[in-house]
Amino acid sequence: MSNFSFAEWSNLLDQWGASSSSSSSNADHKPEKTIPTTTSVEKLIKEIENPLTREHALFALARNRGIRANLAPLLWNSTGTIYLLLQEITTAYRVMSSPDLLARATNNVCNALVLVQCVASHPDLKMNLIKANVPYYLYPFLEAKNKEKQYEYLRLTSLGIIGALVKVDNAEIVHFLLQSEIVPLCLRCMEVGNEISKTVATFIIQKILVQDEGLRYFCSFAERFFALTRVMGTMVDKLVEEPSSRLLKHIIRCFVRLSDCPRACDGFKISLPSKFRDATILNLIRDDPEALEWLRQLFVNIATGNRV
């Protein structure tokens, strides 16, 4: 299965995140020239405690990719740091309805979110975030319907954390996310987000569907099934004008997994995107044998009702 790699996410966050060169508040910051030592990283983490040095510390820690592999344990095990990151994240709640005020808070909040994503990516620490109910802190950003860039930054970095949690198949994490109603939020991101956010949100749905509980979630209730297929169908239609082979592959993979359920195959008779047979769509994956095989398998499953 081809996944949206976290190296790509990291690059995209560097491109779309709060450290954009257009941001005046970070205009004087320069990327680190060398990889900081553990001592200097611990010093930066300590500086998060001080409101006067917090902005620089968040920026330096979030944007220096060379330290991310060892950063998560230091963040989690340092006293009060996760609390301060969550506190920084919640500062955006008060100004969510004001794009101008939100723009001022976006830099620090997005950098704090990137640091939380470091923890979410660590195999030994991601369950700690689940047990602490940290994903709930992200949901206000995923609920937003606004399309301005500051909302998109928050949407993408929040999705990056959820994506990090589900990257490695884990039934317990998927159960938590389903119970916390992550699906409607992902569907909203698939509707209002840009191409990158749509891709990450679809990836999350794909990883939820991998688990049997996730498949049952969508296939046991018609309204859930048709809500998902409607949103994915709309995305497929838009790919004709705004092509993205990466997004298309995740969409196809979701449809294929749904087709493992005979009841879903019956539903596809009225909900399968007609554009799947459109030459424009097929051209997006014509050089991708894996994606073409997924699409072929989808048609076979629907034709047989997956009852053979």
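Residues are numbered from 1 along each chain as its sequence is written. Because the model is predicted, local features need pLDDT of at least 70 and side-chain atom pairs count only at pLDDT 80 or more, while totals for chains, interfaces and linings use all residues; side-chain values use heavy atoms, with hydrogens and water left out.

The protein chain has an average pLDDT (the predictor's confidence in each residue, from 0 to 100) of 88, and 86% of the residues score at least 70. Where pLDDT is low, the predicted coordinates should not be read in detail.

Helices are DSSP runs of H or I with at least four residues, numbered from the N terminus. Helix α9 (residues 149-166) has 18 residues and reaches 26 Å from its first C-alpha to its last, close to the 26 Å expected at 1.5 Å a residue, where the expected span is 1.5 Å times one less than the number of residues. Of the 18 residues of α9, 17 are buried, a term that stands for under 20% relative accessible area, with exposed meaning over 50% and partly exposed the range in between (1.4 Å probe, protein chains only). Helix α14 (residues 222-238), with 17 residues, reaches 24 Å between its first and last C-alpha, close to the 24 Å expected. The buried residues of α14 include Phe225, Leu228, Thr229 and Met232, and the buried residues of this helix pack against α11 (182-192), α12 (195-210), α13 (212-219), α15 (245-258), α16 (262-271) and α17 (279-284).

The structure holds eight aromatic pairs, in which rings of Phe, Tyr and Trp (its six-membered ring) have centres within 6.5 Å, planes under 30 degrees apart counting as stacked, over 60 as edge-to-face and the rest as tilted. The rings of Tyr136 and Phe176 have centres 5.7 Å apart and planes at 75 degrees, so this pair is edge-to-face. The pair links distant parts of the chain, with Tyr136 in the loop between α7 and α8 and Phe176 in helix α10, 40 residues apart. Tyr136 is partly exposed at 40% relative accessible area, whereas Phe176 is buried at 12%. Ring pairs also link Phe225, Phe226, Phe255, Phe268 and Phe276 into a cluster.

Charges sit over rings where NZ of Lys or CZ of Arg is within 6 Å of the ring centre and within 35 degrees of the ring normal. Arg224 lies over the face of Tyr217, at 3.9 Å from the ring centre, and the charged end of Arg253 sits over the ring of Trp294, 5.4 Å from its centre.

Two loop residues other than glycine have a positive phi: Asn133, at about 60 degrees, lies between α7 (126-131) and α8 (139-143), and Glu181, near 65 degrees, lies between α10 (171-179) and α11. Asn133 is partly exposed, with a relative accessible area of 36%, and Glu181 is partly exposed at 40%.

Terms used:
Contact = heavy atoms within 4.5 Å.
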